[in-house]
Amino acid sequence: MFLRKLCIFSLFSPLEVKTKFHNSEMNDLFLEVQIKNTSSSDVFIQKVSLEPPEMYITAELNNVNWAGEDECTFGTRTFLKSMEQRQYLYHFQIKQEFSEKSGAIKGLTEMGKLDITWKRNLGEMAMLHTIQLEKEFPHYGNMNISLETIPDTVILEEPFHITCKITNQSDRKMILDLKMCDTDSIRWCGSSRRYLGELPPSSSLCFTLTLMTLKMGLQSISRFKITDKLLKKTYVCDDVAKVYVMPSIVKMKK
């Protein structure tokens with residue numbers, strides 16, 4: 001109660017923590033966390049919690065549904081043996097009210113913090129290990145193209161649909177025109193040119209395309225061009241996504 005000095009105690013943490021962010025085609029983020037016990041004795045992991053930034057909501061992907069109840073993927077064991085390692089996975093999804101501003105995120109950005117509560121022996125006071133999370137967001141220029149919907153698998157020589165979203169990351173209006181080109185494995189169905197209209201700054205628009213595949217296996221969706229008619233600048237979109245093409249069961253039976 002009467003301590004007037006600030007004392008800093010150095011504490012050796014037996015945990016080695018590695019974090020890595022993964023991007024998905026839907027503009028969501030996944031955080032992979034690896035926790036390793038580098039000491040010679042057991043360490044009890046009491047709690048691992050994630051505090052996301054204001055723009056995101058998170059979901060833990062460390063539970064499985066078994067007989068109607070959620071159970072931890074690590075079971076009931078709460079300790080790590082010497083040199084043992086665990087892997088945690090979290091899903092970051094941007095909030096709806098910040099979706100229009102997501103394209104403006106660039107450079108090194110704070111992504112919240114990860115708190116790990118641990119102790120060496122049962123009955124001891126728990127220690128807190130905090131990791132500040134950061135991610136380097138790339139700069140995509142004036143325009144960002146992402147996928148909204150795409151099927152996991154498609155049938156050979158049968159039409160399927162994908163929905164793309166264009167975000168205007170510049171400070172000026174765009175007037176956009178879409179042109180589609182065929183590839184060896186994918187054909188575009190319908191008109192090869194489409195007028196997308198005006199796109200104000202920091203806003204987005206979605207459009208749906210109908211495609212058909214000619215080859216089986218993992219195929220890349222590429223070769224469509226978006227032209228800004230005001231600047232007369234063309235953005236070429238290659239390898240936007242990949243789909244797995246399967247043969248038709250009906251044709252195989254025949």
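Q: How many helices and strands are there in the protein chain?
A: In this predicted model, the protein chain has one helix and 21 strands.

Q: What share of the contacts in the protein chain with a separation of 6 or more is between residues 24 or more positions apart?
A: Such pairs account for 68% of those contacts.

Q: Why is Leu218 called exposed?
A: Leu218 has a relative accessible area of 57%. Exposed means over 50%, so Leu218 is exposed. This residue lies in strand S18, residues 217–221.

Q: Which residues is Leu218 in contact with, leaving aside its neighbours within four places in sequence?
A: They are Lys242, Val243 and Tyr244. Leu178 is 40 residues from Leu218 along the chain, and their C-alpha atoms are separated by 25 Å.

Q: Why is Asp238 called partly exposed?
A: Its relative accessible area is 47%. Buried would need under 20% and exposed over 50%; Asp238 falls in between, and therefore counts as partly exposed. Asp238 lies in the loop between strand S20 (233–237) and strand S21 (241–246).

Q: Which residues does Asp238 contact, its neighbours within four places in sequence left aside?
A: Asp238 is in contact with Ile221, Ser222 and Arg223. Ser203, 35 residues from Asp238 in sequence, is 23 Å away in space, C-alpha to C-alpha.

Q: Why is strand S13 described as largely enclosed by the rest of the structure?
A: Strand S13 spans residues 160–168, and eight of these nine residues are buried, so the strand is largely enclosed. Across the protein chain, buried residues make up 37% of the 254 residues.

Q: How do you know that S13 pairs with strand S11 and strand S17?
A: Two strands count as paired if at least two bridges are found between them. Six bridges join S11 (residues 143–149) to S13, and eight join S13 to S17 (residues 204–213); therefore both cases count as pairs. S11 and S13 run antiparallel, and so do S13 and S17. Asn144 has Thr167 in S13 as its bridge partner, while His161 stands opposite Thr210 in S17.

Q: What makes S7 and S10 edge strands?
A: Strand S7 (79–80) and strand S10 (127–137) each pair on one side only. They belong to an open sheet of four strands in the order S7-S3-S9-S10, with antiparallel pairing.

Q: How many bridges join strand S9 to S10?
A: There are 10 bridges between S9, residues 107–119, and S10, which run antiparallel.

Q: Which residue takes a positive phi in the hairpin of S5 and S6?
A: Ala67 does, with a phi near 55°; the hairpin has two residues between the strands.

Terms used:
Residues numbered from 1 in each chain as written. Predicted model: local features only at pLDDT ≥ 70, side-chain atom pairs only at ≥ 80, totals over all residues. Heavy atoms only, no water. Buried < 20%, exposed > 50% of the residue type's maximum accessible area, 1.4 Å probe, protein only. Contact = heavy atoms within 4.5 Å.
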